[in-house]
Structures are given as structure tokens and as C-alpha cells.
Amino acid sequence: MPERLETESRKLLRRLRDTLAEPGQGQERLDRITHLIADSIGTEVCSIYLFRDPETLELCATEGLKREAVHKTRMKLGEGLVGRVARTATPVNTGNAPAERGFRFMPETGEEIYSSFLGVPIQRVGERLGVLVVQSRTARQFSEDEVYALEVVAMVLAEMAELGAFTGEGEAMSAKHKQPVLFRGAAGQEGAAEGRVWLHEPRVVVTNPVADDPVAETERLRAAVGQLRVSVDDLLSVETLDKEQVAVLEAYRMFAHSRGWLRRMEEDIAAGLSAEAAVEKEQSTARSRLEQVGDAYLRERLHDLDDLSNRLLRILTGQGRDTGAAMPENPVLVARNIGPGELLEYGRKLRGVVLEEGSVGSHAAIVARALAIPLVIHAERITSESLNGDPVLVDGDQGIVHLRPDEKVTRAFREKIAMQAEAQVRYASLRGLPAQSKCGTVTALHMNAGLMADLPSLEGSGAEGVGLFRTELQFLVRSQMPRRSELAAIYSRVLDAARGRRVAFRTLDIGSDKVLPYLKPQDEPNPAMGWRAIRVGLDRPGVLRMQLQALIRAANGRKLTMMFPFIAQPDEFTAARAHLMRELDREAALGHVIPESVEVGAMLETPSLAFAPDSFFGMVDFISIGGNDLKQFFFAADRENELVRRRYDTLNSGFLQFLDHIVRRCAKAGTPLSFCGEDAGRPLEALCLAAMGLRMLSMRPASVGPVKSLLRRMDLAEVRGVIDTAMASGAQSVRPQVTEWLAAQPG
Ligand code: PEP
Ligand code: MG
């Protein structure tokens, strides 16, 4: 930018900043600002359009257009030139607006006399707030420098809006981050929670978008970039990186060292922005490009730039994850997405979890379930709408989140929580009773666990034992491989807490979305069908053997029940069991007490195993169906992909027939069979599974009560009759018929 324009720009930004300091309502400020901008840029018109809702823009202030149009003129996203700027998040610059594609004539504004139009988005790191427009009578194209100058102004407006400078009457101008917002996501884990927002990645707040001393700001920026570069170089100096990781990080480093990036930010500072606002300006531009780029490689690189900008902002502002800010009481974690390990680190402190992405089948969801924390997924835009400490209500049953709820909503919500508590009391009264259905059949209800903290539930829930102990959670919470003695101590405490009740320990199931921070991740095209679970155990038996030793020592003469995950064919089971036998011999030879009895099962999680030879069914001590994985492979539908996961019903006739096949094969061989996927914890599904002949179900502790309550009221033979009739009628899923039948039952 030529020096004269730079000086002009700085002057204008300073005047804008001064309007912030002056008293007055949002509307007065906006009016003053449009006047200032038109005056400074030398155009007859300057207008500010703000989003009224995500689809509608509203003219909120103008210099030059008819005043009566303010708060009246509206347009949809994509409509007219203003709507086009908003939709594409890129400037529109034309000397002949009426001839431009998509031009919309708005007689109420009196704009027909203006032929030049320049509109730029008002946005802040991916968050679109509105459009800033200047227009003039003379037909002329604005220069690149003028476009740039207006973008800088728009950046400052975005920061001012973030700071609440334009609040006042009218919805489009109400304070951001102050109004109640309702998010309709999807249910990830049932339950209701009231608490306060705790952002996994807190927003960085820039309080000083305009700076007086460009030299000092440039120095600050350079120092921060220097710090950033050192930290990125450090990432690359880690010795254990493989070639591919190095290649990815090299690209990342290239950006950190990019002269162009630094130069652009320095230009922004020269135009009057502070170092932080300069970083955000370039980040916003990169984000809007990101949304338009189809090429995967380019998208990755733009993501790199986004990530680097975040790091740079944290360095400059001292804000971020490690600010030491205290977590509020009753924290509700809000994040774009989160891995199971990270969620475990937060642990039971959390009252609820809300994710923008995520999926019901993910292990993060399973961890949320293990922790009995209500989870809502797909709450779009919640990370940009919420601030740390905001009051929030999480309805995990409906998949709804109320951010900054009003009193009425809060009251209704509290009533719901109270009703749920009452239901829990009812379930507690069933605690000591068996899940005996009216026909006399008893279904054993066990619970899934994976943390020491789960164990008190064994008493409280009324479960008969632990049908699935996911041992990988102990590995996921650590930053390094746990030692054998540590594991033995943990397993021993689990058995102590179980007081003789059966605990089925599942050996390590890593891979897929369960990534251990200390094991080199495999870059696999399809990790769910990749090198995971027993496949890793058999190929790298060191960890498996260590775990088996820990289990034997923990049992210390008591009964030991264990199962191997993801057995797809018999030889995997025989090989895994051979490791166990070798370890038993070795432990005995070392003088350790070996378990009183050892029960060894296989998890049936791939359809292939259901068709294994009879000899396999005779060889295993028990089979446990891992319904989550089995269903994903039966339907070829990724359990973590919400787009496909919901298409297929567990009560699909084909799937139930497949389960029936497994039930029959186990019955023929006299092999005990259980079901331990998440479906076992859903009362209707559990009822159908029991009716299909599954005599043991393992579920999250909170489900034991509701499932038991339903099973005790029903006659399984009758339910089976309904299922068979539905299947015979050609129904794709038996759900509608069973639901209808259930609704007609007394009580
Ligand atoms: C399953 O797949 O159903 C199962 C119980 O294992 P996980 O959910 O841990 O993969
Ligand atoms: Mg599984």
C-alpha cells in the first residue's frame, strides 16, 4: 500500500477506535462509523449489513442511502451483491453494479443512482458477521489498495462487534455471546446436565484491534513468529518420527517460515492493525479460502495455516489452553471434536460434553458413556457461539443444548432432571431382583466398565458382574506404556471390588480410533478394518504377554475370565490362547499363584466368525458379541460416521436373523453367549435381543435399571412372536411392530 494510503488507513482506524471509547448506543456508533468510512474513503455511500440470523442480512446503518431503509432492508444469503459477498466471503468490486450478475434493485434504499460498488465481508476467523459496502455515483473500479483498506476496516469492525460495541435494540444488533441459543444436535449419551461451558480450545479474544505504533507492533509480531518457528522446529527434532510424519511436519514448518505470510501481516500492521488483529485477518482470509478449495492437499495446507495462526495468537495474547484459567464448577466440555484419551484426561469432573462433530459409535462417546456423562454431538457452531463460563443445559436424550438459557427453560429443565432422579429411585428398588421376564426366563444383566471409577456402579446399578472390561482405557489415559506391576495392581483392585462376581477382562483393543500417544500411529487408509485389537496383539506379542502376566498376577489364585477382541477366524483365537497358556506355565514356574480357573472367550465382532467351523464353537469357553463392531461390518456402515450409521437399524430383520444364527450355533455347541455392544443398554433393543435368545447382556451401568424394569414386565415368548410375525411379513425392521405392541401393553 502506498504510504499516503497507509497513513490514511491508520488515521481512520484510530477514529474508529475512538468511537468505541465514546459513550452511546450501538446504533449511534454504527451511524458514526458509516459516516467516518464514507468520509475517509471518499464515497457517497457506506453501509453496514449484519446477519440477523444465519440466512438473513439486515441493513443496520448507512451513510448515503435512505435512512428509512435501515433495519427494514433485508436480503437472503447469496441474494444480490451484498448476499454474494456474504456467501462467498470474498469482496465484490464493480464499476457498474446494476450490470453485475445477481444485482438486486432495492428501491426503498434509493440506490439506483450509485454505479460503483465495493463490498467486503465482516468476518472473524470463520465467523461471518456481515458485509461492509461503499458505493459511489462515478462509475469506477476500486483499486486493489482500496479493497485492501476496506478489508482492514472490516476486520476492525468484526473485532469491535466481538467486543460488544454495536449492541442495542434490534435482533441483528443484539450482543453476541449474550443471547440464549438453542442447538439441535444428536443424542450421544442420555442424561441431563446443567453447568457452565468449558471450551476445550478457548477462543482468543483480541481486545486491541487497532494499534498506534506500527514499529512496536511489528516487533511484537516478529518476536512471536520467532517463538512459533522454534516450537515448530522442536516438533521436527523428535527422533521417533517416521518419513511420512517428517514430510507432513516439513510442510507445516514451511508455512511457519513463509515470508509471504509474515509480509502480509506486516502490511496489515502498517495499515493500522495490531499484531493480533493482523494474524486474525490473514487467518480469516485463509479460512474463507479453505471453504472453497476442493483439493485435499491444498485444504490440508490451509488447515496448517489455520493451526499456526491459532498458535501465534496464543503466543501474542497469552491466552489458550494452558492459561491456568480455573475450570468453572460443573463444567460442560464444548469442543469441535475430542479423542477418547483427551476425554479421559478430563474424567469425571465433567457434567456434560457437547461436540460439533463426533459420532455415537466413536470411542470418545463410549468413554462419555463409561463416565456416565451426557453427550450431545453435532451441535453445529457451538464452539464459536459459546464463551468459557456461559451457563448451559445439556439434554443428552433429545440431543439438545441450551446455551445461556432463559429462566423459563432452566426451570423446565430442572424439573426434567428431578423426574429422572425419581426414576433412578424406582430402578434402585429393583437392584437385588433378577431380570426375570413374565415367561420365567432370566436374562443376566452385566455392566461394561473400563475405569476404576466405574466399579462403585457394580453395587449401585444392580449388575451381576462386569460383562466387558475395556482394558485399553488404562492405556489411553497415560502418556507412556503402563508397567506390568501397575496393571496388575489395577486389575487386582477391580477383582477386589467385584467381590467374587465375574469380570470379563478384554485384552487390549487399540487401533481404529483408539490411538495410544506413545505408540507410533500407523497411517492406514481404513483403521477400523486395519491393524487393530488382536491383530496387533499377535503381531507384536510383547504387550499382549505383559498384559496376560498382569491379569494372572492380579487374579492371584482367584477365578480369571478374559476374552480376546476382534477374532475374525479360529487361528487368531488359538494363537492368542497359546500365549495365555505359555504365560500361565511361565508364571507357575516363577512361583506365582495361578488362577483357580481360567475362562477364555472370543469376541465375535466380524461376520466371518459366525461361520467358523463347529470345532471353533466347541473350543471357546464363551462368545461375546461386540455389537458395535459387528453391526458396522454387517451393514458396511462406519460406526463413527453419522451419515451412514443411522441408516441401519439394529432391529433390522436381516441383522436379527444373523444374531439368531449365532444363537443357534452357540446353543448347538453348548457355548455360553453374551452381547456387549451399546445396543444392549437400550431397553427396546435389549428386549428384542433377549427375545432372540441372548441370555446375557452387558451394558453401561445406568442402563441396567431401565432394561431390567422392562424385561421384568414382558413375556419374552410373546415378544419373540411379535418379532417373528414382523419378519414373516417382510418388514425391513421389526421396530415399528414391536413398538406398537409395546405401547398396547398394560402399565
Ligand atoms: C463392540 O464392538 O461392540 C465392543 C463392545 O467393543 P468396542 O465398542 O470397544 O469396540
Ligand atoms: Mg469392538
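This is a predicted model: local features need pLDDT of at least 70, side-chain atom pairs count only at pLDDT 80 or more; totals for chains, interfaces and linings use all residues.

Me: Is helix α11 itself buried or exposed?
Reply: Eight of the eight residues of α11 (residues 363-370) are buried, so the helix is largely enclosed by the rest of the structure. The buried residues are H363, A364, A365, I366, V367, A368, R369 and A370.

Me: What covers the buried residues of α11?
Reply: The covering elements include the helices α10 (340-346), α15 (472-476) and α21 (627-634). The strands β8 (186-189), β12 (375-377) and β17 (466-470) are also among them.

Me: Changing topic: in what order do the six strands of the open sheet lie?
Reply: The order is β3-β2-β1-β6-β5-β4, with antiparallel pairing. Strands β3 (74-76) and β4 (92-94) stand at the edges; each has a single partner strand, so one side of each lacks a neighbour in the sheet. On average, neighbouring strands are turned by 25° against each other, direction ignored.

Me: How many bridges join β1 to β2?
Reply: Seven bridges link β1 (residues 45-53) with β2 (residues 56-63), and the two run antiparallel. As one example, C46 has E63 in β2 as its bridge partner.

Me: And which strands do helices α2 and α4 lie across?
Reply: Helix α2 (residues 26-41) lies across β1, β2 and β6 (127-136), at about 65° to β2. Helix α4 (residues 144-162) lies across β1, β4, β5 (116-124) and β6, at about 40° to β5.

Definitions and conventions: Residues are numbered from 1 along each chain as its sequence is written. Chains are lettered from A and ligands numbered from 1 in the order in which they are written. Side-chain values use heavy atoms; hydrogens and water are left out. Two strands pair if DSSP finds at least two bridges between them. Helices (H or I, at least four residues) and strands (E, at least two) are DSSP runs, numbered from the N terminus. Axes are lines fitted to C-alpha atoms, for helices over the stretch in contact, and angles run from 0 to 180 degrees between N-to-C directions. Contact means heavy atoms within 4.5 Å. Buried means under 20% relative accessible area, exposed over 50%, partly exposed in between (1.4 Å probe, protein chains only).
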